[in-house]
Amino acid sequence: MNFDPRFSGRQFASVGTRPIRPDGIDKVTGRARYGADFNMAGQLVGRVLRSPHAHAVIKSIDTSKAEKLAGVKAVITAKDLPDLTDGDAAMYDILDNCMARKKALYDGHAVAAVAAIDARIARQALKLIEVEYEVLPHVTDVDEAAHHHAPLINDQVFTEGLEEKPAKPSNITKRTQFGHGDVHKGFAEADFVVERSFKTEQTHQGYIEPHACVASVNADGTADLWVCTQGHFVYRQHCAQLLGLEASKLRVTSSEIGGGFGGKTHVWAEPVALALSRKAGRPVKLVMTRDEVFRASGPTSATSIDVKIGARKDGTITAAEATLRYSSGPYAGSWAEIGAMTAFACYKLENVKTVGYEVLVNRPKTAAYRAPSAPMAAFAVESAVDELAKEIGMDAVDFRIKNAAQEGTRASYGPVYGPIGIGPTLEAVKHHPHMKAPLKENQGRGMACGFWFNFGGQTCTDLNIGMDGSVSLAVGTVDVGGSRASLSLVAAEELGIDYSHVKAIVADTSSLGYNDMTDGSRGTFSSSMATISAARNAIKILRERAAQMWDVPVDDVHWEKGHAIAKGEKYGNLSPLSLKDIAAKSGTTGGPIAGHSELVADGAGVSFATHICDVEVDPETGSTRVIRYTVVQDAGKAVHPTYVEGQYQGGAAQGIGWALNEEYIYGKDGRLQNAGFLDYRIPVCSDLPMIDTQILEIPNPNHPYGVRGVGETSIVPPLAAIANAVSNAVGVRMTHIPMSPPRILAALDAEREG
Amino acid sequence: MRYIRPLSIEDAVGELAKAVGPAAILAGGSDLLVRMKGGFIEPELIVDIKRIGGLGDITETADGFRIGAAVPCAVLGENKAVRKAWPGVVEAANLIGSKQVQGRCTITGNLCNASPAADSVPALVAAGAKAVVAGPSGKRTIAVETVPTGPGRTSLAKGEIIEAILLDKRPEHAGDAYLRFIPRTEMDIAVVSAGVNLTLDDHGAIKTARVALGAAAPTVLLVEEAGQVLVGSKLDEATLERLAKICSGACRPIDDKRGTIEFRRKVAGVLAQRAAAIAYKRAGGK
């Protein structure tokens with residue numbers, strides 16, 4: 001079926017309205033089933049034993065005492081998850097991260113697991129497992145780990161991406177470089193140059209729902225997995241490969257999801273639960289505690305970034321350069337690479353160079369976190385941009401407008417932009433009343449821009465029309481942010497029926513073809529494209545059925561506003577047939593009516609945002625309150641504006657937490673000190689102002705309705721916007737995130753002592 | 001694990017005195033249950049004191065107030081008489097945890113949990129509060145600052161229970177205040193804190209003063225020198241400077257996940273100044 005995904009400037013009836021979400025009642029009444037709400041008869045409780053050491057050789061594991069404890073049905077170690085990865089290094093790392101094979105690589109690394117008849121016995125059994133460790137020197141700081149004297153985490157790692165293969169192993173797994181032009185020449189042309197180094201600490205996605213699953217492996221080689229995930233098809237592929245199952249025999253059903261933000265795109269507990277179930281011969285439920293979530297899932301990279309930007313007196317940037325070091329946990333990653341790609345993506349630059357270094361540390365394996373890697377790079381770059389504007393004597397917004405990327409600009413990471421929203425968001429900010437509001441003593445204002453690629457990917461959707469004329473829509477992208485409502489709006493729009501007649505569900509892996517996960521801000525972008533395609537396929541059948549009912553050629557039947565219309569003078573007396581009329585007769589005109597779609601959703605339009613932030617800093621305590629916050633972002637087309645605004649606000653809220661207080665704190669012993677919400681300080685409701693939003697709609701030419709992904713970009717500018725605001729409030733440039741009260745007070749004291 | 005709910009303080013004391021394994025007293029449970037769930041303690045005996053007569057009451061006596069050990073902080077916060085006499089104590093009690101936690105937690109529990117960061121304790125110490133202790137050998141009344149002896153440790157002997165906290169009747173021209181520093185606005189634990197309790201003479205000069213600091217040492221600190229420096233003053237700039245300096249100097253803090261030594265020292269002084277100003281105003285000082 002030919003599907004034309006190009007944007008057509010149509011008038012919308014449903015898209016752009018704000019109906020109530022179909023999953024809302026269940027969620028507010030507690031009926032919605034999250035990961036831990038699924039239960040099976042005879043299920044066992046799974047628990048994981050974790051390394052207390054940041055870096056240690058596992059010399060032996062004796063599980064015999066635990067196995068003898070009454071009520072214990074299975075105990076597993078890495079031996080029960082044999083290596084089936086066949087040379088696939090990335091899959092091997094996932095396997096090793098699920099259950100340590102030779103070495104424990106971070107505090108919290110799984111080393112064994114038990115399944116028992118209840119939680120108390122499972123806990124007792126963990127205490128009976130004897131692990132003999134040989135503790136090794138560890139390193140948790142990204143700069144220390146990158147140093148050539150640092151303890152080696154993996155002596156088989158030789159930095160990739162260098163001109164010559166290095167003679168010695170190191171903790172730097174890869175070097176990547178992006179850019180164009182000649183930065184040396186560019187800096188020589190500059191009248192002003194700002195050069196600064198920045199650090200950001202590691203943060204966790206902080207989803208309120210811990211990882212949870214129920215695994216049931218049958219004796220015949222089939223298996224079921226119920227799990228809280230952002231991508232059940234990807235979980236199926238990974239679990240099947242790690243367990244040696246055929247993918248089609250492992251059925252994965254996704255639960256409602258209490259937040260993911262990228263953290264639920266990776267398997268941790270699921271292969272362990274399946275292995276326990278396989279060994280015990282019974283279903284196993286495995287729910288992580290909050291402590292385990294912090295120590296062994298997530299988090300994002302800690303970073304260390306050097307930035308240098310030069311500009312002429314007239315405000316034209318002549319050269320921009322950044323070196324970015326990102327921690328990836330104890331396994332290779334591509335996080336610095338993404339940071340190096342996004343760092344200068346907002347700007348039109350003749351000479352630009354970014355270099356990324358991936359650094360191994362004894363911390364949990366780095367996971368995606370909402371626009372992964374971009375917020376830290378934006379913090380460094382947008383801080384330096386602000387400082388440069390000040391040195392030149394230009395307004396921070398005007399300076400950015402002068403240098404903003406446009407349609408036709410070659411991005412610093414390679415491609416040439418189509419129509420983009422950076423300029424319009426900056427213009428909107430320039431004229432926003434927030435920028436003119438007066439500030440009081442100890443208050444400061446900051447603004448910053450952010451970019452995210454967005455992603456499309458493989459998508460498969462089914463649309464079935466019932467005989468009563470109602471429509472069920474089965475999608476394969478997990479609903480993280482209200483996509484069932486948005487996709488129902490899209491189906492209603494395309495078919496020309498009311499939203500209330502569409503019911504969207506997230507289908508399991510046995511009911512639909514493969515779908516990439518809900519990441520890269522792709523859920524609504526790609527599944528709406530597939531929904532439009534499926535609806536158009538259904539409309540073709542509806543037209544055929546109408547033609548049959550009227551006994552006229554199908555080419556004369558058109559579809560308008562939910563009705564089949566026979567076009568032509570000779571059909572003047574035929575009343576239009578509604579979707580409901582046609583569906584009612586479907587049993588006698590050829591059977592059920594459905595539309596299917598499978599596609600790769602290409603052309604996810606890049607996304608830009610500009611944020612404004614006001615803070616008040618107590619100069620005696622370093623305490624910072626965000627007193628006003630405004631998000632301006634391009635949505636392409638806001639399908640359900642309330643949920644678009646929710647994404648804008650959510651990203652800003654997470655960014656505020658990251659900027660001010662959230663951080664992984666490790667002791668000298670390499671153990672995580674704050675594995676809980678008490679001391680890992682996510683903002684509470686009263687910490688946040690009402691976050692104001694402004695949606696811009698610059699249509700994406702590669703989507704029928706102009707939709708762009710909106711989920712991630714909103715977390716990119718906050719670190720920088722808040723850092724600029726705090727720096728303006730206290731008169732000292734803040735270069736270390738989070739800007740916790742002790743850091744601000746220390747910076748102020750250093751300045752006072754001068 | 002055995003859970004009992006005695007009806008008299010004597011029964012509770014008796015059960016605790018003869019307990020063989022680890023035993024715990026349950027009032028609101030806002031510390032105990034969290035620690036049990038976290039696997040930090042596994043008591044063999046839990047003595048719930050909420051059914052013991054009088055322990056859930058706040059009574060006004062000739063000498064002041066008697067606050068039963070099972071009175072939730074939210075109930076304390078609704079008591080107009082205590083709120084009027086000891087606003088600093090009440091505001092400290094109503095900073096603990098969250099609204100939900102305040103519906104369960106008690107100031108006696110906060111004291112016996114013996115955290116140096118306990119919110120109500122610096123305010124109680126500044127207020128000169130006393131604890132009524134019931135034990136196998138009878139009852140005694142002690143100053144609250146003698147209860148905690150280190151993080152998680154108290155001076156209470158086996159079988160002893162604090163049954164009530166006593167607060168004095170207030171003279172005219174008296175005021176107290178408590179401030180804590182947290183990076184958030186609520187649902188957090190003090191990084192450092194200060195409680196100040198003042199009485200004024202008829203001319204508005206400070207007659208008596210007690211200053212206590214929280215999260216600044218292994219136990220809540222009563223800084224007597226800080227109180228002395230306030231006496232006779234009307235909180236002029238120079239006195240406040242000296243107060244901050246004394247408080248910062250009295251701290252014996254640690255570097256940890258919640259704050260640094262330098263930060264705690266400095267902010268202890270800042271909070272003492274600010275709490276003193278509030279207490280002074282409440283006492284009618286100008």
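Analyst: In chain A, A:Val397, A:Arg400 and A:Ile401 of helix 12 meet A:Gly423, A:Leu426, A:Glu427, A:Val429 and A:Lys430 of helix 13. Residues are in contact if their C-beta atoms, placed from the backbone, lie within 7 Å. Helices (H or I, at least four residues) and strands (E, at least two) are DSSP runs, numbered from the N terminus. The contact of helix 12 of chain A with helix 13 of chain A has four nonpolar residues, one polar residue and three charged residues. Nonpolar covers Ala, Val, Leu, Ile, Met, Phe, Trp, Tyr, Cys and Pro, charged covers Asp, Glu, Lys and Arg, and the others, Gly among them, are polar.

This is a predicted model, where local features need pLDDT of at least 70, side-chain atom pairs count only at pLDDT 80 or more, and totals for chains, interfaces and linings use all residues. Residues are numbered from 1 along each chain as its sequence is written, while chains are lettered from A and ligands numbered from 1 in the order in which they are written.

Two packed helices are described by the angle between their axes and the distance between the axes. Helix 12 (residues 396-403) of chain A packs against helix 13 (residues 422-430) of chain A at an angle of about 160 degrees, and their axes are 10 Å apart. Therefore helix 12 of chain A is roughly antiparallel to helix 13 of chain A. Axes are lines fitted to C-alpha atoms, for helices over the stretch in contact, with angles from 0 to 180 degrees between N-to-C directions. Under 35 degrees counts as roughly parallel, over 145 as roughly antiparallel, 65 to 115 as roughly perpendicular, and the rest as oblique. The crossing of helix 12 of chain A with helix 13 of chain A is left-handed, a term for the near helix being turned anticlockwise from the far one by less than a right angle, with clockwise giving right-handed.

Two other helix pairs of chain A can be set beside this one. The axes of helix 18 (residues 641-660) of chain A and helix 19 (residues 718-730) of chain A cross at roughly 55 degrees and come within 8 Å. Helix 18 of chain A is therefore oblique to helix 19 of chain A, and the two pass in a right-handed crossing. Helix 18 of chain A contributes A:Ala652, A:Gly655, A:Ile656, A:Trp658, A:Ala659 and A:Leu660, and helix 19 of chain A contributes A:Pro718, A:Leu719, A:Ile722 and A:Ala723. These residues divide into nine nonpolar, one polar and no charged.

In the other pair, helix 7 (residues 232-243) and helix 8 (residues 270-280) of chain A have axes that come within 10 Å and cross at roughly 50 degrees. That angle is why helix 7 of chain A is oblique to helix 8 of chain A. Their crossing is right-handed. A:Tyr235, A:Cys239, A:Leu242 and A:Leu243 from helix 7 of chain A meet A:Glu270, A:Pro271, A:Leu274 and A:Ala275 from helix 8 of chain A. By class, that contact holds seven nonpolar residues, no polar ones and one charged.

Chain A as a whole has domain 1 (24-32 + 456-601), domain 2 (35-136 + 210-257 + 264-296) and domain 3 (303-454 + 605-753), with bounds from an automatic or database domain assignment. The C-alpha centres of domain 2 and domain 3 of chain A are 37 Å apart. In their contact, 16 residues of domain 2 of chain A touch 17 residues of domain 3 of chain A. On the domain 2 side, helix 3 (89-98) and helix 9 (290-296) of chain A each give at least two residues, and helix 9 of chain A gives the most, with five residues. That side of domain 2 of chain A divides into six nonpolar, five polar and five charged residues.

Two backbone details of chain A remain. The peptide bond from A:Ile737 to A:Pro738 is cis, with omega near 5 degrees; A:Pro738 is in the loop between strand 27 (736-737) and helix 20 (741-753) of chain A. A:Asp86, a residue other than glycine, has a positive phi near 55 degrees. A:Asp86 is in the loop between strand 3 (72-76) and helix 3 of chain A.

Between the chains, the contact takes 19 residues from chain A and 16 residues from chain B. The chain A side has eight nonpolar, seven polar and four charged residues. For the complex, the predictor gives an ipTM of 0.94 and a pTM of 0.96.

Notes:
Two residues are in contact if their C-beta atoms, placed from the backbone, lie within 7 Å.
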